[in-house]
Amino acid sequence: MTAGALARRARRERALLLLPVLVLLSLVVAVPALRVVVLGFTRTDLADGLVSSWAGLTTHARTLADGRFAAALRNTVLFTGLSVLLEVTLGTALALLLDRSFRGRGALRAVVLVPWALPTSVMALAWAWIFHDTFGMANDLLGRLGLAGEPVAWLAQPATAMAALVVADAWKTTPFVALILLAGLQGIPADVLEAARVDGAGALQRFRRITLPLLVPSFVVATLFRAIQAWGAFDIVYVMTGGGPGGSTETLALYAYQSWFRYLDFGYGAAIALQGMLLALVLAAVVVRLASRREVE
Amino acid sequence: MTPSRAGAAALALLLGGIGCRSEDPSRLPGITLRMLVPANERPFWLPLAESFARSYPGVRIDLEEGPVPTDLRESLTTSALLSGDGAFDVVYLDVTWTAKLAAAGWLLPLEDAFGEEERDAFLPQALAAGVFRGRLYRLPFRTDVGLLYYRADLLAAAGIAPPRTFAGLEDAARRLQSPPGRWGFLWQGAQYEGLVCFFLEVLRGHGGSWIDPETLAVGLEEPEAAAALDFLLRSRAPGGISPEGVGAYKEEETRHLFQSGRAVFLRSWPYVWSLSQREGSAVAGKVGVLPVPTLSGAPGAGTLGGWGLAVARSSRHPREALEFLRHATSLESQRAFCEPTGFAPARKDAWRDPALLAANPFLADLERVHASAAPRPVLARYAQASDILQRHLTAALAGLAPPREALAAAARETRIVLGEAP
């Protein structure tokens with residue numbers, strides 16, 4: 001048998017072995033996703049007993065005149081931007097800390113992952129209680145520090161409600177960001193840093209000139225993962241604020257959910273989900289683009 | 001299978017997994033009727049299921065344990081009915097779901113199985129909440145009504161008569177409160193259905209109305225609505241009678257505060273009564289109940305809530321399911337369910353039942369309040385209308401929009417939704 005024939009056979013076998021996974025994935029991911037795409041171009045609601053009728057782009061066009069969609073989009077952008085910024089900042093600090101060798105590092109590395117392992121709805125419920133104006137820890141803490149006169153009604157005001165969501169999300173997902181960055185840090189060869197030190201570079205210089213640039217791929221991965229997840233935030237908002245007050249924390253995912261399950265407006269819910277997904281793709285492309293430009297520099 | 005159904009079936013599979021029980025009822029001989037009940041009510045449904053199985057050998061009721069929050073069960077019920085595979089035969093539904101589920105074509109009409117005489121056994125408002133476009137889809141099982149709880153001990157000590165008017169409530173609350181240790185008046189102000197229930201009571205108390213179910217006229221731009229919203233804003237303003245935090249409170253937050261003795265007045269539902277009288281409650285024996293206040297002092301109309309039963313159109317055993325409805329809404333079943341739970345029954349004769357009254361003396365007081373309970377409009381797009389009101393009310397409460405503008409915007413959006421109504 002020639003080498004070419006062997007390679008062909010290997011390729012065939014590989015394809016065969018991949019087939020079950022592909023079939024399974026297309027069943028559980030591609031088919032439902034395609035259904036949603038189709039649904040977004042129909043009118044499927046209570047008006048005609050949930051029987052779909054082709055609507056072309058009219059269902060999609062409804063978002064243009066929908067103030068609630070605009071508000072949800074704004075909230076989603078705000079939540080994604082703030083939470084990712086906070087998580088990457090804190091995650092970097094945490095990763096640098098965990099990268100050093102000290103007693104109990106192994107235990108600490110395990111412990112910081114606990115928030116990430118908790119189900120979101122459980123931790124969101126706990127945070128809702130932390131921000132409770134009367135029984136909550138946040139106000140108790142402020143009071144003890146002598147900072148608060150009146151108790152703050154965190155979840156009843158738009159700005160503080162959004163801040164509470166961002167803090168809760170950061171608490172949960174910073175460990176995830178730290179973990180990715182830590183892996184990146186450990187991949188930086190020690191001899192490069194050592195060489196820089198021998199050449200007389202200070203700690204800050206070493207960090208800016210060597211560590212940070214070499215960490216860029218890890219930053220990209222962490223930011224992408226977090227941004228996409230934050231963009232689809234549903235459970236944390238649903239549990240902590242329900243989108244309130246005045247819809248000021250409603251995300252696109254929550255609005256789509258409400259359209260489906262409360263309004264039985266399946267066409268419009270699909271349109272919201274689709275447009276949200278398209279915007280998320282654009283967002284992801286921008287992140288990757290920016291990062292790759294930095295890398296070239 | 002329509003596209004929507006396939007998507008929802010996938011979701012139903014995901015969500016449905018939550019409620020799965022280990023034993024497989026389909027392996028047992030005979031017929032199994034399935035229904036979703038909140039986990040905390042299941043122990044009280046079991047006796048009903050058992051007594052039904054005794055009367056109908058070969059038919060058993062499988063009570064799926066569902067989440068306690070109403071909106072989660074609304075989603076579960078919706079996805080199960082949407083999949084159309086007969087996941088549930090009997091549907092346990094909130095008062096506001098009827099129109100939507102009926103408009104979607106998921107429920108069986110009940111008039112053929114329940115004649116006029118049988119229907120007359122129920123409280124008329126509770127029964128009417130199950131009627132959509134002239135057909136009956138839901139039998140009432142238990143009822144709820146908005147009430148005003150007050151600290152009888154504090155009012156008596158200060159020589160203040162239980163207030164019947166908004167002014168009286170504000171005055172008494174202001175005199176007896178000492179915030180933040182003890183607040184004057186607690187209500188539900190989070191962005192959810194409970195806020196609508198409370199606001200409608202205040203609105204009716206000011207002589208206004210939200211949506212006329214007949215003419216679909218929207219009353220949110222009338223001066224009465226502005227006055228009602230002003231009451232909410234006033235009570236939460238600095239120096240007011242309610243904590244700013246009510247803007248994020250649902251029923252349980254307000255109950256915990258009231259039950260720990262940290263409020264003078266509380267607007268809530270009948271379930272608070274038995275809990276507040278339990279051992280360990282700081283206010284046991286110190287609580288009184290009033291109808292919700294009005295401008296004039298006439299007893300106000302609390303918002304009607306409650307849970308009922310329907311038969312899923314996708315059920316493979318509709319005849320047996322109808323029999324279970326008959327059984328569950330019988331006087332014996334109402335007694336068996338309401339006695340241990342303290343819930344208010346939906347049958348007229350249950351309200352006069354000596355055994356039930358002996359167990360829950362509170363029912364006697366409640367009856368007057370119940371007779372005047374006001375339903376929410378029965379609309380297929382009720383959820384949209386309610387969400388519009390919720391959003392604009394909380395926007396006004398959070399200071400995002402001036403009150404009149406918020407109400408005008410709510411009225412405008414409501415008219416659009418109702419104009420599209422099927």
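In the loop between β4 (131-132) and β5 (135-136) of chain B sits B:Arg133, a residue that is not a glycine and yet has a positive phi of about 45°. B:Arg133 counts as exposed because 11 other C-beta atoms lie within 10 Å, where exposure requires 12 or fewer. The model in which this residue is described is a predicted one. A positive phi of about 55° is also found at A:Leu264, likewise not a glycine, and this residue is placed in the loop between α12 and α13 (266-296) of chain A. A:Leu264 counts as buried, since it has 26 C-beta neighbours inside 10 Å and the cut-off for burial is 20 or more.

In chain A, the bond from A:Gly244 to A:Pro245 is cis, with omega near -5°, and A:Pro245 belongs to the loop between α11 (235-240) and α12. In chain B, B:Pro179 and B:Pro180 are joined by a cis peptide bond whose omega is about 0°, and B:Pro180 is located in the loop between α8 and β8.

With regard to overall form, chain A contains 13 helices and two strands. Its radius of gyration is 24 Å, whereas a compact globule of 297 residues would have a value near 19 Å. Along the principal axes, the C-alpha atoms of chain A fill a box of roughly 85 × 75 × 35 Å, and 38% of the 297 residues of this chain count as buried. When the contacts in chain A with a separation of 6 or more are considered, 69% of them are between residues 24 or more positions apart. The domain assignment divides chain A into domain 1 (1-36) and domain 2 (65-296), and the centres of these two domains, taken over C-alpha atoms, are separated by 35 Å.

Chain B, for its part, has 19 helices and twelve strands. The radius of gyration of chain B is 22 Å, close to the 22 Å that the globule rule gives for 422 residues, so chain B is as compact as a globular protein of that length. The C-alpha trace of chain B spans about 65 × 50 × 40 Å along its principal axes, and 52% of its 422 residues count as buried. Among the contacts in chain B between residues at least 6 apart in sequence, those that join residues at least 24 apart make up 73%.

The assignment for chain B gives domain 1 (3-144 + 305-371) and domain 2 (147-302 + 381-419), with C-alpha centres that lie 29 Å apart. Eleven residues from domain 1 of chain B and twelve residues from domain 2 of chain B take part in the contact between them. On the side of domain 1, at least two residues each are supplied by α4 (98-103) and α17 (362-371) of chain B, and the largest share, four residues, comes from α17(B). The residues on this side of domain 1 comprise five nonpolar, three polar and three charged.

Between the two chains, the contact takes 32 residues from chain A and 36 residues from chain B. On the side of chain A that touches chain B, the elements that give two or more residues are α1 (3-39) and α12 (252-262), with the largest share, five residues, coming from α1(A). This side of chain A is made up of 17 nonpolar, twelve polar and three charged residues.

In soluble globular proteins, nonpolar side chains tend to be buried together. The largest nonpolar core of the model has 191 residues, and those that touch the most other members are A:Leu155, A:Met240, B:Val90, B:Leu186, B:Phe199 and B:Phe265. Helix α8 (residues 158-186) of chain A gives the most to this core, namely 13 residues. Apart from residues up to four places away in sequence, B:Val90 touches several residues, among them B:Leu33, B:Leu309 and B:Phe324.

B:Glu320, which lies in helix α13 (residues 318-328) of chain B, is buried because 22 other C-beta atoms are found within 10 Å and the cut-off is 20 or more. Leaving aside neighbours within four places in sequence, B:Glu320 is in contact with B:Ile31, B:Leu33, B:Tyr56 and B:Val59. B:Glu320 and B:Tyr56 are 264 residues apart along the chain, while their C-alpha atoms are separated by 8.8 Å.

Technical notes:
Residues are numbered from 1 along each chain as its sequence is written. Chains are lettered from A and ligands numbered from 1 in the order in which they are written. This is a predicted model: local features need pLDDT of at least 70, side-chain atom pairs count only at pLDDT 80 or more; totals for chains, interfaces and linings use all residues. Two residues are in contact if their C-beta atoms, placed from the backbone, lie within 7 Å. Ala, Val, Leu, Ile, Met, Phe, Trp, Tyr, Cys and Pro count as nonpolar, Asp, Glu, Lys and Arg as charged, and the others, Gly among them, as polar. Domain bounds come from an automatic or database domain assignment. The radius of gyration is taken over C-alpha atoms; the globule rule is 2.2 Å times the number of residues to the power 0.38. A nonpolar core is a set of buried Ala, Val, Leu, Ile, Met, Phe, Trp, Tyr and Cys residues joined through C-beta atoms within 7 Å.
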